[in-house]
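Please look over the model shown here before reading on.

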Amino acid sequence: MPHSTSTAATPMKPFSRSLQRDLNAAVDDDDGKQHSADDGDGKQNTERGLRRPSRLFYLALLYTVFWALVFYHHFSTSSQQSGSAEVAAPTVLQLKPSAFFSAYRFFRRDPCAGRYVYTYDLPPRFNADLVRQCNRVSISSHVCKDVSHDGFGPPITGGGEGGSLPERGAYDTDQFMLSIIFHARMRRYECLTADPAAAAVVYIPFYAGLDAAMHLDNKDLAARDALSRDLMDWLAQRPEWRAMGGRDHLLVSGRGTWDFLRSPDSTGWGNTLMTYDLAIRNATFLSTDASPRHGNDFAVPFPSHFHPSSDAEVTDWQDRMRRLDRAWLWCFAGWPRAHGVGMGPERAQIIEQCGKSSRCSLLGKLNNYVPMRLLESAKFCMQPRGDGYTRKSTFDSILAGCIPVFFHPVSAYLQYTWHLPRDYRTYSVFIPHGDVVGRNVSIEEVLRRIPSEKVAQMRERVIQLIPTVMYRHPAAKGLTFKDAFDVALDRVLHRVAKRRRAAAEGREYVDSVDGRDSWKYDRMLEDGQNKIGPHEFDQYLVMHATKD
C-alpha cells in the first residue's frame with residue numbers, strides 16, 4: 001500500500017539553523033521540487049545546483065563520532081567486566097570519568113612507541129640458578145657477596161675508606177656483574193611488553209659472564225660450553241627468534257668479548273657462545289671489552305661504585321669533584337705485570353716514570369692504598385691496558401673527575417663510542433704506546449705542556465660525563481639524566497629499528513662486518529660518512545694485529 005503524501009511528518013528541531021538550511025537546500029526548494037546536479041536528459045541544471053554542506057556540518061559529524069567512541073569504549077569495558085555474571089543487570093547510562101581519560105588516551109601519542117622491550121622468561125638455569133650457585137666460581141671467593149643487591153654488591157656507608165665515595169648510593173661493585181645489573185634495570189623498565197609482536201627489541205637475560213666465570217679454568221670443554229649451547233638450542237625453538245633470525249635480540253655478557261670467542265674446534269680460552277652457532281651473531285651483544293674485529297659486539301662502561309637514586313645525589317657529587325684541590329699532576333692506580341707478558345712493558349714504564357717524579361703518585365706511595373682517593377687527588381689518571389684493552393679504572397677516574405690518559409685507541413676510543421664523546425681530545429689525553437715503550441717519551445712533559453685553561457675545560461667535560469657512565473639504582477624514580485643503561489638501550493633500539501625498516505623494504509641492512517675495519521662501521525658511518533675510509537687510528541690497529 002502506498003504511503004500517504006497528504007500529511008507531512010513533523011520536522012525535527014534543528015540543532016543548527018544554518019546546518020538545517022544546508023540540508024533543506026540539498027533536498028527541496030520552495031516549490032517542493034527535488035533538484036540534482038543533472039536534469040533527466042543528463043544536462044546540467046543551471047537553475048539550482050546541489051549545495052555542499054558547510055564546515056559546521058563536518059564539525060557536528062566529528063563531534064558525534066567522538067562521543068560515539070567514548071560511549072562505545074565505556075559500555076564495551078563495562079560489558080567485559082560484568083560478562084561473568086549469570087544474569088546481567090539492566091544497562092544504566094552512567095558515564096564515568098574514566099571514559100573521558102580513555103578517550104584522551106585514544107588520541108594521545110604512545111610514549112613507548114618504538115621503545116617496547118620483550119624479555120624472555122628464561123628457565124632459571126640461565127640466570128637465577130647461576131646466582132644461587134655463586135660459590136662454584138673458583139677464581140674468586142667473593143662472588144656470592146658480589147651478586148647481592150642486584151649485582152651492586154654490599155653497600156658502602158659513610159663515604160667509604162678515606163671518605164672517597166658518596167655518602168649515599170655507594171656500593172662495593174665488582175666489574176663483572178653487569179649482566180645482573182642490566183637485568184635488574186630491565187625488570188623495571190617503563191616500556192616492557194608481554195607481547196613479543198609489539199616489541200622493538202627482545203632481551204635475553206642470560207648471565208653469560210657468571211656462567212663463563214664458573215668454567216674458565218675447566219679443562220673439560222664440553223662442560224665449559226654446555227650452557228651456552230643449551231641457550232642457542234632453546235632460542236632456536238622460539239618463534240620470537242625465528243621472526244627476524246635474532247636480529248632484534250639483545251644479550252649483555254657482563255665480561256669481555258674475548259671470553260666468548262673460542263672456536264668450537266679449539267682448546268683455547270673461553271667458551272663458544274659467539275661461535276658455536278653463527279646465527280647468534282645476528283643478535284646485539286653488549287660487553288665491557290668489545291672486539292674491534294667483530295661487528296655485533298658493543299662496549300658499555302664497567303660498573304663503578306656509585307649508583308644514585310636521585311638527581312640531587314649526582315649533582316652534589318659533581319660539585320664535590322669540581323671543588324677538590326688536586327695535589328698531584330698525574331697518578332696511576334694499578335700494579336705491575338710480568339714485564340714480558342701482554343701489557344707489562346707499558347705498565348712498567350708508567351710505574352718507573354711515576355716513581356721518579358715528585359708530581360706523580362702511585363698506589364702504595366706515601367701509604368696511599370685507596371684507589372678512589374688516589375684518583376681524586378690527581379689531575380690526570382693513567383689508563384694503560386688491563387687484562388684486556390679496557391679497564392674498570394677508566395670509569396673510576398671519570399667518577400673521580402680525573403682526566404684519563406690512554407696509550408692505545410682500543411682502550412676507549414674504539415670501544416665506548418656510545419657513551420664517550422667522539423672527539424677524544426675534549427676529555428682525555430692520548431700518548432701512543434710506542435712513544436712510551438719504544439721511544440721513552442716523558443709522560444710528565446706531555447702533560448705539563450697542556451695549558452691550564454685547557455686542563456680546566458677537559459676536567460669539566462669529564463665531570464659532565466659522570467651520569468652517562470654510571471648505572472643508577474634500579475628502583476630510582478623521577479631522575480632526569482640518562483645513565484649508561486639508558487644510553488646503551490637507546491642505541492640498541494636505534495640499531496634494530498634500522499634493521500626493521502630494511503626488512504620491511506625487502507632488503508638486508510648491513511650495519512657491521514668482521515675484520516680489520518669492523519670498528520669503523522659504528523664510529524665512521526654514525527658520523528655521517530657514506531663509506532668506510534682511512535682513519536687516524538689505522539696504524540695502531542695494524543700494530544694490534546701484528547704485535548699484540
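Which cysteine does a disulfide join to C112? The partner is C191, with an S to S distance of 2.0 Å, where a disulfide is taken to be a pair of cysteine sulfur atoms within 2.5 Å. This is a predicted model, in which local features need pLDDT of at least 70 and side-chain atom pairs count only at pLDDT 80 or more, while totals for chains, interfaces and linings use all residues. Residues are numbered from 1 along each chain as its sequence is written, and side-chain values use heavy atoms, with hydrogens and water left out.

**Disulfides**

A search of the whole structure finds four disulfides, and three of them are set out here.

| Pair | S to S distance | Torsion about the S-S bond |
|---|---|---|
| C112 and C191 | 2.0 Å | about -75° |
| C134 and C144 | 1.9 Å | about 105° |
| C381 and C402 | 2.0 Å | about 110° |

The disulfide of C112 and C191 is left-handed because its S-S torsion is about -75°. The pair links distant parts of the chain, with C112 in the loop between α3 (97-107) and β1 (117-119) and C191 in the loop between α6 and β2 (201-204), 79 residues apart. Helices (H or I, at least four residues) and strands (E, at least two) are here DSSP runs, numbered from the N terminus. C112 counts as buried at 10% relative accessibility, and C191 is buried at a relative accessible area of 0%; buried means under 20% relative accessible area, exposed over 50%, and partly exposed in between, computed with a 1.4 Å probe on protein chains only.

For C134 and C144, the torsion of about 105° makes the disulfide right-handed. Here C134 lies in the loop between α4 (128-132) and α5 (143-146), whereas C144 belongs to helix α5, 10 residues apart. C134 counts as buried, at 8% relative accessibility, but C144 is partly exposed, with a relative accessible area of 37%.

The disulfide between C381 and C402 is right-handed too, given its torsion of about 110°. C381 lies in strand β8 (residues 378-383) and C402 in the loop between α13 (393-399) and β9 (403-406), so the pair ties together parts that are 21 residues apart in sequence. C381 is buried, at a relative accessible area of 0%, and for C402, also buried, the value is 0%.

When the bonded cysteines of the protein chain are numbered in sequence order, the pairing reads 1-4, 2-3, 5-6, 7-8. C331 is in no disulfide, and the nearest cysteine sulfur, that of C381, is 3.7 Å away. C331 is buried, with a relative accessible area of 0%.

**Helix α6**

Helix α6, which spans residues 178-187, is mostly covered, with nine of its 10 residues buried. Among the buried residues of α6 are I180, I181, F182 and M186, together with H183 and R185.

**The sheet and a neighbouring loop**

Five strands form an open sheet in the order β1-β2-β3-β4-β5, and their pairing is parallel; two strands count as paired if DSSP finds at least two bridges between them. Strands β1 and β5 (297-299) stand at the edges, each with a single partner strand, so one side of each is left without a neighbour in the sheet. Within the sheet, strand β3 (residues 249-252) is joined by three bridges to strand β4 (residues 284-287), and the two run parallel. V252 stands opposite L286 in β4.

The loop between β3 and β4 contains N282, which is partly exposed, with a relative accessible area of 22%. N282 and G295 are 13 residues apart in sequence, and their C-alpha atoms are 9.5 Å apart in space.

**Lining by class**

α5, α12 (371-376) and α13 each supply at least two residues of the lining of the largest pocket.
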